[in-house]
Amino acid sequence: MSTIVRDYSIPANDFTIAGEASSSVRKLLSQLGVSPDVVKRTSIAMYEAEINAVIHGNGGKAHVEIDESKIYICISDEGPGIADLDLAMQEGYSTAPDSIREMGFGAGMGLSNIKKNSDILYIETEINKGTKVNITVFFSK
Amino acid sequence: MEQEYFHSVTLNTAKCKGCTNCIKHCPTEAIRVRSGKAVIIKERCIDCGVCIRVCPYHAKKAVTDSLDTIKNYSYKIALPAPSLYGQFGPNYSRERIVLALKQFGFDYVFEVARAAEIVTNASENYMKSKNIKKPVISSACPAVVRFIQIRFPNLIDNLLKIESPMEVAAALSKQEVHEKFGIPIEKMGVFFISPCAAKVTSIKAPYENIKSNVDVVLSIKDIYLPLLDIMKKQGEITKEPFSLSSAIGVAWASSGGESGAIKEGRRIAVHGIHNVNDILEQVVQRGLDNIDFIEALACPEGCLGGPLTVENPFIAKENLKTEIEKIRKDQAHKVPRTENVDEFVWKSKVEYRPIMKLDDDMMKALEKMQMIDEITEGLYDLDCGACGAPSCRALAEDIVRGIAKETDCIFKLREKVNIIANQLHQIDRS
């Protein structure tokens, strides 16, 4: 079975580079003929996770695997971790500092947006160790 | 396949040197150099005109109709794009230009700027309607619409579903001439005076698959000198010989014109196809739903920077500004608001064109992508373009699509030659 694998590094505090990984994944999925709707959901989920790693995690890594039925994305960082995951999942909850909010980010929609747009979301997090956001989107249901 | 994709942008093979300028700048990677000449991949071309602008040998051109076409029609209507007014400088007012068009041989002049005002009214209504996707993306630039069809299928729903000023002008002018003079529509020829290559394509091969009301497209470039000659001989002219549009419509020629005309909401004006790409990318990822309207134009400075214009776009912008200020002072040009705008809503759908797809079968597409990955790995990441493809990855894609070979890469070729040379050396010594 063919699997396409991609690894990207996500730089800390650089919003201009932050979207690049999800943008390049979007192009791959279009080339594979994945439906626009699925491409869109993947793109939004991955972008939000990338931005989270930039804002909260001091940057990190994106690992992507694509096969004929799904895309799996793992965004990992070695940041402070999430203290209360249930709270963090709530819409509007954010720990982003004002400086980030002024840039139009940090509205507290990130994690809920990822959940909304992915089929499986699994978050591993440990205080002072880091966070791994595992996203799976299926190509057809 | 060939007839399916008519394009205005074409190549003059004699002038092409086979350099890498156009392949590197094309926003859809639609150009390759094969056997020393550029080749346009028709299904990818969006007629944005970037290649026309960057070619140092002027080998790329936009096909338009010849000025002689005017002889083919008994009643001739000119539709000057507002960008025409920016071409001639402060001595040549809009009144003079419009008069010159009549002196050139047109029976009637209907300013596209007038239609642009109607489209503005329609856009304002559209923006207030429910169930529209924000940000609304302007659809006046056909190159941008085609770009979205190829690259951003998710944004098709964001497009402003209103006819372009050119189409509105064409339809209304026929109606107006028929009502005023009783001339049968089939006797009329509608001539769009165009700054734009993509407009030519949208007339000859419309994406909505509905026949255009424009019959002939003349380029500003071709009609520029004849009009200038006529205007030099004009002397004093009487004011306002025709129904002229107000400042709003004229401003459409320039970046910020369309978005500035809509009175409400947060609006941005983006110009240059690569900037348009960036903003569309942002819409896909971030949503940008705090922006209501995006004016997106493929050419730098908007239509004034079109590949069929004559004057430098920045000078043209200043020319246009002078004209606009003059119109604003002149109360005579107040045009009543057009309320009945529903008829200009799109009647057909613009569809996704998945031309970047590697294969219809997902499994095969995956295999192909894996092959592309492997080939790219073996290349040198220089993106030099010497192979004729815009990047190493594009070459790898071409190899897998069967339209290029690995030794098109001169570094790969050198590797192979070295191996053969070594083998010859071995034979020689044995």
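How many residues of chain A are in contact with chain B, and how many of chain B with chain A? In this predicted model, 16 residues of chain A touch 19 residues of chain B.

**Where the chains meet**
- On the chain A side, 16 residues make the contact with 19 residues of chain B.
- Helix 2 (20–32) and helix 3 (36–55) of chain A each bring at least two residues to the side that touches chain B.
- Helix 2 of chain A gives the most to that side, with six residues.
- Sort the chain A side by class and you get five nonpolar, eight polar and three charged residues.

**Chain B as a whole**
- Picture a box of roughly 95 × 50 × 40 Å along the principal axes: the C-alpha atoms of chain B fill it.
- Out of the 430 residues in chain B, 47% count as buried.
- Take the contacts in chain B with a separation of 6 or more: 76% of them come from residues 24 or more positions apart.

**Two helices that cross in chain B**
- To describe two packed helices, you give the angle between their axes and the distance between the axes.
- For helix 3 (residues 94–104) and helix 8 (residues 220–232) of chain B, the axes come within 9 Å and cross at roughly 105°.
- That crossing falls in the 65 to 115 degree range, so helix 3 and helix 8 of chain B are roughly perpendicular to each other.
- Helix 3 of chain B uses B:Arg96, B:Ile97, B:Ala100, B:Gln103 and B:Phe104 here, and they meet B:Pro226, B:Leu227, B:Ile230 and B:Met231 of helix 8 of chain B.
- By class, the contact between these two helices of chain B has seven nonpolar residues, one polar and one charged.

**A tucked-away helix in chain B**
- Why is helix 5 (residues 142–151) of chain B described as largely enclosed by the rest of the structure? Because 10 of its 10 residues are buried.
- Among those buried residues are B:Val144, B:Phe147 and B:Ile150, and also B:Arg146 and B:Arg151.
- What covers the buried residues of helix 5 of chain B includes helix 7 (197–204), helix 11 (273–286) and strand 11 (293–297) of chain B.

Technical notes: Residues numbered from 1 in each chain as written. Chains lettered and ligands numbered in written order. Predicted model: local features only at pLDDT ≥ 70, side-chain atom pairs only at ≥ 80, totals over all residues. Buried ≥ 20, exposed ≤ 12 C-beta atoms within 10 Å, placed from the backbone. Contact = placed C-beta atoms within 7 Å. Axes fitted to C-alpha atoms, helices over the stretch in contact; angles between N-to-C directions. Helix = DSSP H or I, 4+ residues; strand = E, 2+ residues; numbered from the N terminus. Parallel < 35°, antiparallel > 145°, perpendicular 65-115°, else oblique. Nonpolar A, V, L, I, M, F, W, Y, C, P; charged D, E, K, R; others polar.
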